[in-house]
Amino acid sequence: MLKFLQQKPIILASGSSIRSKLLQSLGIDFSVILSHCDEEKIKNSFQSENILDLGYILAASKALEVSQHHSEHFIIGADQLCLQGETVLNKPLHHSKAVEQLRLLSGKEHLQVSCLCIAKNNEILWQHHETAYLTLHHLSEKTIEAYLQSEKPYQSCGSYHYENQGKWLFKEVQGNEDTILGLPLLPLTQALMKLGAVSF
């Protein structure tokens with residue numbers, strides 16, 4: 001049988017099951033290896049006025065940390081920024097913080113910015129970002145509570161699972177679903193081909 005894609009060794013430097021599923025949809029073989037870079041330390045020491053730089057630094061740090069130990073592989077690093085105005089919404093981690101985030105986002109527009117990079121031999125070869133604009137319905141306290149009890153999205157910045165029931169929360173979305181979920185596939189496929197990691 002003819003093989004559609006040829007490829008070099010690829011690693012996804014992310015523990016996100018959603019990113020892994022998205023990458024699987026492309027039909028390539030890859031390993032998942034989590035980086036051990038200290039994200040909180042990077043965030044706390046971040047000083048640039050351009051918040052986008054933070055997403056790039058985090059994605060690159062993950063990719064480069066894994067690349068140190070797998071120099072022959074193409075390493076995909078990714079990070080997601082959830083922004084409401086000047087406020088960065090990190091993973092809520094617990095219920096009360098998730099309630100606070102959904103109250104803040106209720107009836108307003110916010111951004112999901114996905115930052116991507118590819119590293120090889122401890123060098124960043126490509127970087128890119130995509131932005132989605134999302135506006136929530138006005139949410140009552142009862143709706144917020146019921147939604148959080150249903151999906152418990154405490155590991156998701158913004159406090160919703162857009163891939164599941166979270167879609168019901170939105171009245172307007174501009175941008176691709178894979179951007180919202182953290183791995184924009186079209187620019188990634190183009191970059192992997194341009195770098196020679198994947199070919200027909």
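User: Which residue in strand 8 is the bridge partner of L136?

Analyst: That's F170. Heads-up: this is a predicted model, where local features need pLDDT of at least 70, side-chain atom pairs count only at pLDDT 80 or more, and totals for chains, interfaces and linings use all residues. Residues are numbered from 1 along each chain as its sequence is written, and side-chain values use heavy atoms, with hydrogens and water left out.

User: What makes strand 7 and strand 8 a pair?

Analyst: Two strands pair if DSSP finds at least two bridges between them. Strand 7 and strand 8 (residues 170–174) have four, in the antiparallel sense, so they count as paired. Strands here are DSSP E runs of at least two residues, and helices are H or I runs of at least four, numbered from the N terminus.

User: And how many bridges join strand 6 to strand 7?

Analyst: 12, again antiparallel; one of the links is Q112 with A132 in strand 7.

User: Why is C115 called buried?

Analyst: Buried means under 20% relative accessible area, exposed over 50%, partly exposed in between (1.4 Å probe, protein chains only). C115 has 0% relative accessibility, so it counts as buried. C37, at 19%, counts as buried too.
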